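Good morning, colleagues. Please look at the structure on the screen while I go through a few of its features.

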Amino acid sequence: SVSKPSINGVLLFFLYSLGIGFPFIIASLFFKSFLDYISDKRKIFFYFVKISGIVLALIGILIFFDKFSYE
């Protein structure tokens with residue numbers, strides 16, 4: 001037999017779903033203004049993307065050679 005879900009479990013699942021979905025809802029509300037901001041700062045973001053790619057590649061190399069640790 002299938003038991004009814006407890007109200008506590010339903011409430012916890014609802015709050016979890018809100019917590020997961022809320023940042024995406026907020027991001028969708030401000031997406032147009034974010035695109036306008038990026039288009040104004042196109043040169044800065046060009047360098048940001050290049051530097052981020054270099055840092056990501058360096059971290060990948062360090063992980064590959066087992067030199068990336070907190071010790």
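This is a predicted model: local features need pLDDT of at least 70, side-chain atom pairs count only at pLDDT 80 or more; totals for chains, interfaces and linings use all residues.

Phe22 is exposed, with a relative accessibility of 51%; exposed means over 50% relative accessible area, buried under 20%, and partly exposed in between, with a 1.4 Å probe and protein chains only. Residues are numbered from 1 along each chain as its sequence is written, and side-chain values use heavy atoms, without hydrogens and water.

Phe22 lies in helix α1, residues 7–29; helices are DSSP runs of H or I with at least four residues, numbered from the N terminus. Together with Ile25, Ile26, Leu29 and Phe30, Phe22 makes a nonpolar surface patch of about 520 Å². Such a patch joins nonpolar side chains within 5 Å, from residues with over 30% relative accessible area and no salt bridge; the areas come from the Shrake-Rupley method with a 1.4 Å probe.

Which residue forms a salt bridge with Asp36? The partner is Lys32, with the closest N and O atoms 3.2 Å apart; the criterion is a Lys or Arg side-chain nitrogen within 4 Å of an Asp or Glu carboxyl oxygen. The whole structure has one salt bridge. Asp36 and Lys32 are four residues apart in helix α2, residues 31–40, and so about one helical turn separates them. Asp36 is partly exposed at 35%, while Lys32 is exposed at 58%.

Finally, helix α3, residues 42–64, is followed by Asp66, whose phi is positive, near 60°.

Notes: Helices (H or I, at least four residues) and strands (E, at least two) are DSSP runs, numbered from the N terminus. The expected span of a helix is 1.5 Å times one less than its number of residues. Patches are made of residues with over 30% relative accessible area and no salt bridge: like charges are joined within 9 Å, nonpolar side chains (Val, Leu, Ile, Met, Phe, Trp, Tyr) within 5 Å.
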